[in-house]
Amino acid sequence: MPYLVHTAHAQFAALWFGTVGWTLVIVTVGLVEWRVWEVSDLSVITSGLAWVGIWRVCFYSHAPILSDNQIMFCQRIGLWESFTPPEIVAAQVLMLVALILGLAGNASVVYGLRNVYFGLNEFKPIRLAFSVGGVLLVLTGASALVPVCWNLRSVVNNQTISFPEEFRMPSAPVNQSIGPGIIVGIFASILLVFSGIIFLSYRAPVVLKPKVRPSRPGECVLGTNVTHQGIDNAAFQC
């Protein structure tokens, strides 16, 4: 088995890209600031801004609807609620799929790099681990990018959401803007796709087999200094 560590430097860097991208997907899932709504009625939303994520809707308020020690009001967005728009439903499902695919993809490439750095008698398992991990990382990036771009389109078109009355949200915002959740999600998707492409581009090194040729009269044979004439000639010593 040839020495393979020098062939996997790019894949080692891609592992870091994939790990950072998958971590940012987790951050994106947890962020509530996907879509920022600007409202005109400040009687309830006293800050004038409300954040719409894929799991919650939150805003700051000093109105009597909140307790004395609470200044942020949040309501959960359910997957099966009638008011939940399709882009948020898709985000709830696909982002969880991206988390699972990203975990499996990173585990596969870690197994491949382990075999590279610690040595393995066969090249095929390394190539298979990199190929499977690369495909999974590309699918992870695509699964995260689809809902992010869909919600980005909703922000650009200023689409509304018919929230229930208990959410204390207006029927339509004055204006919408992109929140950190969408920005982080796009960056995470780029890192994951780039990492997957690097793993898929891995190729086996070319191994040249040694050639054996017969020795000529007077040449050194197997490290000895004996010629075919049987004379110890110092000029032909190895």
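**Close-ups of a predicted model**

**View 1. The largest nonpolar core.** The largest nonpolar core has 43 residues. Val 25, Val 52, Phe 163 and Met 169 have the most contacts inside this core. A nonpolar core is a set of buried Ala, Val, Leu, Ile, Met, Phe, Trp, Tyr and Cys residues joined through side-chain atoms within 4.5 Å. Buried means under 20% relative accessible area, exposed over 50%, and partly exposed in between, with a 1.4 Å probe and protein chains only. This is a predicted model: local features need pLDDT of at least 70, side-chain atom pairs count only at pLDDT 80 or more, and totals for chains, interfaces and linings use all residues. Residues are numbered from 1 along each chain as its sequence is written, and side-chain values use heavy atoms, leaving out hydrogens and water.

View 2. α2 gives the most, with eight residues. Helices (H or I, at least four residues) and strands (E, at least two) are DSSP runs, numbered from the N terminus.

**View 3. Around Met 169.** Met 169 is in contact (heavy atoms within 4.5 Å) with Trp 37, Ile 45, Ala 50, Val 52, Val 57, Phe 59 and Phe 163. Neighbours within four places in sequence are left aside.

**View 4. Positive phi in a loop.** Asn 158 lies in the loop between α3 and β5 (175-178). Its phi is near 55°. Asn 158 is partly exposed, at 29% relative accessible area. Arg 168 also sits in the loop between α3 and β5. Its phi is positive, about 60°. Arg 168 is partly exposed, at 39% relative accessibility.
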